[in-house]
Amino acid sequence: MAERSLLIEIGCEELPIHAVDDLARAFAQGVCEGLAKRGIAADIGHACVSATPRRLAVRVPGVAFTQPEQHNESLGPYANIALDANGQPTKALLGFAGKAGTDWTQLERTTDAKGERFVHRRVSPGRATAELVPEIAREAALGLPIPKPMRWGDHDFAFVRPVHWLVMLHGDQVIAGELFGVRSGRQSRGHRFMHPAPVHLADADSYVDAMRAAKVLTDPGERRQRIRDEVARVAPSGGTPRLDDALLDELANLNEWPVAIGCAFDADFLAVPQEALVTTMRANQKFVPVFDTEGRLGEHFIGIANLDSKDPAQVRHGYERVIRPRFSDAKYFFDEDLKTPLARHQQGLRNVTYQKALGSLWDKTVRVAELASAIAQRLFAQGIDVDAAQVAHAAGLSRCDLLTRMVGEFPELQGVMGRHYAAAQGESVEVANALDEFYRPRHAGDGIAEGVLAQCVSLADKLDTLAGIFAVGMKPSGNKDPFALRRMALGLARTFIEGGLDLELDVLLQDALAQIPDGTFEGMHESETSVRDGSVRDSRARVAAEVRAFVFDRLRGYYIEQGFTPQQFAAVEAVRPASLVDFDRRLRAVAAFARQPDAERLAAANKRVANILRKEGIDADAASRRGIDPALLREPAEQVLATALEAARMDNLPRLGGGAAGRDYAGALTRLAQLQGPVDGFFDAVMVMADDPALRNNRVTLLARIKASFDAIADIALL
Amino acid sequence: MAAPTFQEVIQTLNHYWAAQGCVLLQPLDLEVGAGTFHPATFLRALGPDPWAAAYVQPCRRPTDGRYGENPNRLQQYYQYQVVLKPNPDDVLERYFRSLRELGIDPLVHDLRLVEDNWESPTLGAWGLGWEVWLNGMEVTQFTYFQQAGGLECKPVTAEITYGLERLAMYLQDVDSVFDLVWTTAPHGVVRYGDVFHRNEVEQSAYNFEHADTREMFHRFDACEAEANKLIALNLPLPAYEQVMQASHAFNLLDARRAISVTERQRYILRVRTLAQAVANEWVAPRAAQPEAANG
């Protein structure tokens, strides 16, 4: 009998559903680490995590019955301190030997960097696993990341919920121990009502089956599968239950023995927007809504009981009853809200603080409307069909639904209700949709706002939030991001790029920051601003740079996730394209270029050019504008290069002109790639650093013009 | 088994919890928003002494009034409150047995505990526990008190709050609270509506339309001043009555929408400050003034 499974189960009162999974994992990990730390052989790789609403458990197979021999070593004094001139032991050495419980002559010696020293080595037999498991269990339990620990009874200790039983079995042996005032044993407990008698566990490996017989599915995976199967079992024909992972997790941690109950509500309630009904069902009752093939909510829904009821009809009756007043409330909110035009809530927004320094939600709304309208005008100037007045109107309504009763009850319906109310109150489809879509992307993987009108509001809202919150110095740090600015920054960038909106980020940021009140800027006081106009200007420039860098940080991750390399990103970032649409087109061209066979050589040549210019302290951009004096081109190789370069530049002029959307960066790069031969020839045959300053100048200018030609797309040297 | 009448539900619970050793109390004769406000819960949860009590408490929530037109919402309703300190180890089992006494078979009905952590900003109190769902309907709040009046609760009090109307509506299978059978009298069936519908209509009108807000603001200030005076005099019990009255004045102002969002926070904080001072005073006399404890 060399090894057996170890089972530890802590039985509790009903655990918080959102904590169960994390706690169970952490407990299993703590037990496994406790075994490993003590050198107890165990098949940790096959440890099973069990968790239900009433228990945290772990079963580790192949756990040895004893620790291996323990080799202990304690280091003593160095020889020069331990022994006197006559080689006799000093007090230091005798003290060390005494503490180790041995005679000094029995001590061994070892040498480290500082010299020779005495050492006491001892081999002790490993302790029995049964002796060590109680402390392993205690360490694991006390180390759990409990969000809100609680006390109960008159005890001093705290845990996630009161503890009632403790199982500790190694093979078929009980390991004696205690945790939270409860002594261990082999008796677990089954389903609270269906199996009130204690469950006798013969051994650790029989746990899952014995508990299943006691109407408890201890394996979370099995419970999830059971819920899916049960939902499918009672789903009405032609209906599609919507059981997403979040709801499934909640249901799995709310039930030890899930049984589905098919139910229906009064179809009259379907007049209420279905998002509200679905939210009510899910958030308040954990019911699974059922949709038809077109994604329309139907009157069927599914409840999951924690019971194989003797009379399921009574449970169904109860479920159907409980949803009625909730739906009635939703209908009441909806009907009441419809009586007040959205715009009338604008007044109320003045009383809702957005952020102390940034004013009320109305203040924010005014800023967003102004900015959104400016964005729309810029797009209109580019020939895009969008009405700035309509955009401003939508932006002005964008926060009004926050004051409706429905959103007051269900904050997650913000935007959605704005859309419904606007549509019902005669706003255009575009305006109504904008009230919902401007929040997008709401989560990772969500699309951006679809309509141009919504995109204008979306951009303006995000720009204002980023500018304002950065201005007050509340930018995200570590895992603190209360305004969800990271998502917002990426959402902003994606809206530009995926919406194909060719607008200059820096200009819009300036517009946004210009509207942030002077007194807002971190470290500034209102009284100072009038006399320190310059520093407010500096603050705005500083915040603009911070926000820009923040957006680009998110953007880098976004592109790397899509398979672009950090080098490709840096190559484009270095030339600071004004708009993100432009940035995107350049990046795609660079990535395509990088796949070509001579990309590396051309990058190397560009690096060489950049190095020479840097060494000479030449500003490539300025130098490139000087023009080349053909009379000074002495060497054939430089004449060839100059001719080839100018030809390429001429060819690329039409490719790089016009709006970003029409530019052919890939073609331009391909054209420039043809310079490879002349450039190589130039470096082979021509001495750039000629003694004659005029010659040297001319050659440096030639190189600067090459670099400038590439920089019109990206800094290829960074690849 | 015939469904119990409204008053039989109360009688059954009284009988059951008396057998569990609870002191059966009568309602507090002041307007409060929840049974927790009763000194038998809020103050008795503090300090080391054991305590077990059960009582019905009428609760006033002016903003929940609907002029008697909503079958589920009332500006005054009943809670059945049980407090057990320290909580017995099997307090949950005792609770579930009380449901059996009411005729709820846990092998038929889906009973479960859903996490719900309770917090009363005005009382500076919080605890961890659950809503108890009966076929998805919340019929009870179960809380292990961790703090009250800003003070640690040790030993811990278990608080069980039954929503009597909901529970009775379930047992009697009626959809409107006003249809609940209160009892059967010689002259016929007396329903909840017979007893309280007119009260809901008139009180809603008062709460929403006629409550004198200037007077309420004044009353709040006066109660606050009186409470502070009494706290200084080391009279926490009368001081606490002033706190409850200030809290009710605040609730009425809230129903009249006379308090802005930012002010609201400030008023809650003022009540909490008083409640904490009372709690401190209630716990203090033993240590500081043994003669007061004897008196």
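A:Lys286 sits in the loop between helix H8 (274-285) and strand E15 (288-291) of chain A. The model is predicted. Phi of A:Lys286 is near 60°, a positive value in a residue other than glycine. With 18 other C-beta atoms within 10 Å, A:Lys286 is partly exposed.

B:Asn135 is in the loop between E6 and E7 of chain B. Its phi is near 50°, again positive in a residue other than glycine. Is B:Asn135 buried or exposed? B:Asn135 has 26 C-beta neighbours inside 10 Å, so it counts as buried.

Most residues other than glycine have a negative phi, and most peptide bonds are trans.

| Cis peptide bond | Omega |
|---|---|
| A:Arg440 to A:Pro441 | about -5° |
| B:Lys85 to B:Pro86 | near -10° |

Both prolines lie in loops. A:Pro441 falls between helix H15 (429-437) and H16 of chain A. B:Pro86 falls between strand E3 (76-85) and helix H3 (91-101) of chain B.

**Domains**

Chain A is assigned domain 1 (3-67 + 128-213), domain 2 (75-124), domain 3 (220-323), domain 4 (346-563) and domain 5 (581-718). The C-alpha centres of domain 2 and domain 4 of chain A are 72 Å apart.

Chain B splits into domain 1 (6-206) and domain 2 (212-294). Their C-alpha centres are separated by 24 Å. Each of these domains of chain B puts 20 residues into the contact between them. On the domain 1 side, 11 residues are nonpolar, 7 polar and 2 charged.

**Nonpolar cores**

The largest nonpolar core has 282 residues. The residues with the most contacts inside this core are A:Val31, A:Ala372, A:Ile375, A:Val457 and A:Ala467. Which element gives the largest share of this core? Helix H16 (residues 452-471) of chain A does, with 13 residues.

A:Ala372 shows some of the packing. Beyond its neighbours within four places in sequence, A:Ala372 contacts A:Val391, A:Ala392, A:Ala395, A:Cys456, A:Val457 and A:Ala460. Another core, of 7 residues, lies apart from the largest one. Among its members are A:Leu93, A:Phe96, A:Trp104 and A:Leu107.

**Helix H23 of chain A**

Helix H23 covers residues 599-615 of chain A. At 1.5 Å a residue, its 17 residues should span 24 Å. The end C-alpha atoms are 24 Å apart, which agrees.

The buried residues of H23(A) are A:Leu602, A:Ala603, A:Ala605, A:Asn606, A:Val609, A:Ala610 and A:Leu613. They cover an arc of only 160° around the axis, so they lie on the same side of H23(A). A:Glu600, A:Asn611, A:Arg614 and A:Lys615 are exposed on the other side. The cover over the buried residues includes helix H24 (620-624), helix H26 (665-673), helix H27 (676-685) and helix H28 (693-711) of chain A. Just after H23(A), A:Gly617 takes a positive phi of about 65°.

**Where the chains meet**

Contact between the chains involves 30 residues of chain B and 30 residues of chain A. On the chain B side, strand E4 (111-115), strand E6 (125-134), strand E7 (137-148) and helix H8 (261-283) each supply at least two residues. E4(B) gives the most, with 5 residues. By class, this side of chain B has 16 nonpolar, 9 polar and 5 charged residues.

Key
Residues numbered from 1 in each chain as written. Chains lettered and ligands numbered in written order. Predicted model: local features only at pLDDT ≥ 70, side-chain atom pairs only at ≥ 80, totals over all residues. Helix = DSSP H or I, 4+ residues; strand = E, 2+ residues; numbered from the N terminus. Expected span 1.5 Å × (residues − 1). Buried ≥ 20, exposed ≤ 12 C-beta atoms within 10 Å, placed from the backbone. Arc of directions from axis to C-beta. Contact = placed C-beta atoms within 7 Å. Domains from an automatic or database assignment. Nonpolar A, V, L, I, M, F, W, Y, C, P; charged D, E, K, R; others polar. Core = buried A, V, L, I, M, F, W, Y, C linked by C-beta atoms within 7 Å.
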